[in-house]
Protein chains: 2
Amino acid sequence: MPETTSLHTIGAQLRRARLAAGLTQEQVAELAGISRPRYRDIETGAAAARATTLMNVARALGLEMMLIPQFLVPAVDTLLSPEAGEDAPAFAPQPEPDDER
Amino acid sequence: MPETTSLHTIGAQLRRARLAAGLTQEQVAELAGISRPRYRDIETGAAAARATTLMNVARALGLEMMLIPQFLVPAVDTLLSPEAGEDAPAFAPQPEPDDER
DNA sequence: CATCAATGATACCTATACGTATCTTCAGAC
DNA sequence: GTCTGAAGATACGTATAGGTATCATTGATG
């Protein structure tokens with residue numbers, strides 16, 4: 001997976017969280033202590049923020065950055081999608097809402 | 001929490017994962033596509049890597065970077081420490097092995 | 001129509017992550 | 001003792017994240 005894709009994935013997740021919280025880019029940027037153009041770059045995947053910046057942005061949106069052992073990722077994914085789970089094989093491909101603008 | 005602390009926390013986690021995998025700094029650096037001095041800075045918390053760099057390093061160590069809703073962090077923490085859990089309040093302060101060198 | 005807020009986008013400057021090279025320190029092995 | 005590998009540390013040049021300012025576009029509202 002090219003890392004630009006990873007950036008887009010992270011950005012899309014941030015955007016979903018931001019819209020769910022009813023915040024503007026400017027508000028999130030201020031909460032995270034960065035400028036709006038920079039937050040925009042992060043959300044659109046145009047730039048790779050520093051780890052500390054990403055953590056600040058995530059926290060501003062009620063998210064926390066964590067490093068998860070790969071073999072536990074499916075279990076965590078199940079936690080993240082309450083409605084999709086229940087009788088899923090716990091290793092489901094994860095439909096990915098794909099809110100790509 | 002000052003962000004230098006966050007960097008130290010991440011670095012300590014990477015170090016634990018690296019030692020558990022029996023790898024040298026040089027090997028992890030090469031797997032992650034960065035130089036040894038740079039990996040060292042990340043592991044010691046001396047520098048804030050880019051998000052993409054951190055993701056590459058994490059993957060080299062069998063970890064995955066994820067953004068978790070804060071209210072789910074305790075649940076995920078429980079997943080991460082199977083032996084510590086069981087009868088813990090699920091909101092335990094997490095003893096933190098504190099492998100700081 | 002005009003107006004305003006939110007977002008997309010560009011340019012320029014500074015701060016810093018990153019690569020490369022180099023040196024030192026420490027712990028084992030011999 | 002020497003030798004060797006892993007890790008700590010520094011310096012310098014380049015690439016890029018981040019700040020500030022500015023303009024354009026879109027959508028809603030009057």
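Trainee: In which sense do E1(A) and strand E1 of chain B pair?
Mentor: Two strands pair if DSSP finds at least two bridges between them; helices (H or I, at least four residues) and strands (E, at least two) are DSSP runs, numbered from the N terminus. Here E1(A) and E1(B), residues 63-69 of chain B, run antiparallel over seven bridges. As one example, Leu63(A) stands opposite Pro69(B).

Trainee: What should I keep in mind about the source of these values?
Mentor: This is a predicted model, where local features need pLDDT of at least 70 and side-chain atom pairs count only at pLDDT 80 or more, while totals for chains, interfaces and linings use all residues. Residues are numbered from 1 along each chain as its sequence is written, chains are lettered from A and ligands numbered from 1 in the order in which they are written, and side-chain values use heavy atoms, with hydrogens and water left out.

Trainee: How many residues does the contact take from chain A and from chain B?
Mentor: Contact means heavy atoms within 4.5 Å, and each side gives the following: 33 residues from chain A and 33 residues from chain B. Buried area is the accessible area (1.4 Å probe) that two parts lose on being put together, summed over both. For chain A and chain B that is about 3,100 Å², with 72% of it on carbon and sulfur atoms. Met66(A), Leu67(A) and Gln70(A) supply 23% of the area chain A buries against chain B, more than any other three residues.

Trainee: How many residue pairs are in polar contact between chain A and chain B?
Mentor: A polar contact is a pair of N or O atoms within 3.5 Å; within protein, one must be able to donate a hydrogen and the other to accept it, and residues adjacent in sequence count only if both atoms are side-chain atoms. The count is eleven residue pairs, both at pLDDT 80 or more.

Trainee: Which residues come nearest to DNA strand C?
Mentor: A residue is near a strand if one of its heavy atoms lies within 4 Å of it. Of the 18 residues around DNA strand C, the nearest are Arg18(A), Gln25(A), Arg40(A), Ala48(B) and Thr53(B). Sugar and phosphate make up 65% of the atoms of DNA strand C within 4 Å of the protein.

Trainee: Where does Thr53(B) meet DNA strand C?
Mentor: A polar side-chain atom of Thr53(B) is 2.6 Å from a phosphate oxygen. Ser35(B) uses a polar backbone atom, 2.8 Å from a phosphate oxygen of DNA strand C.
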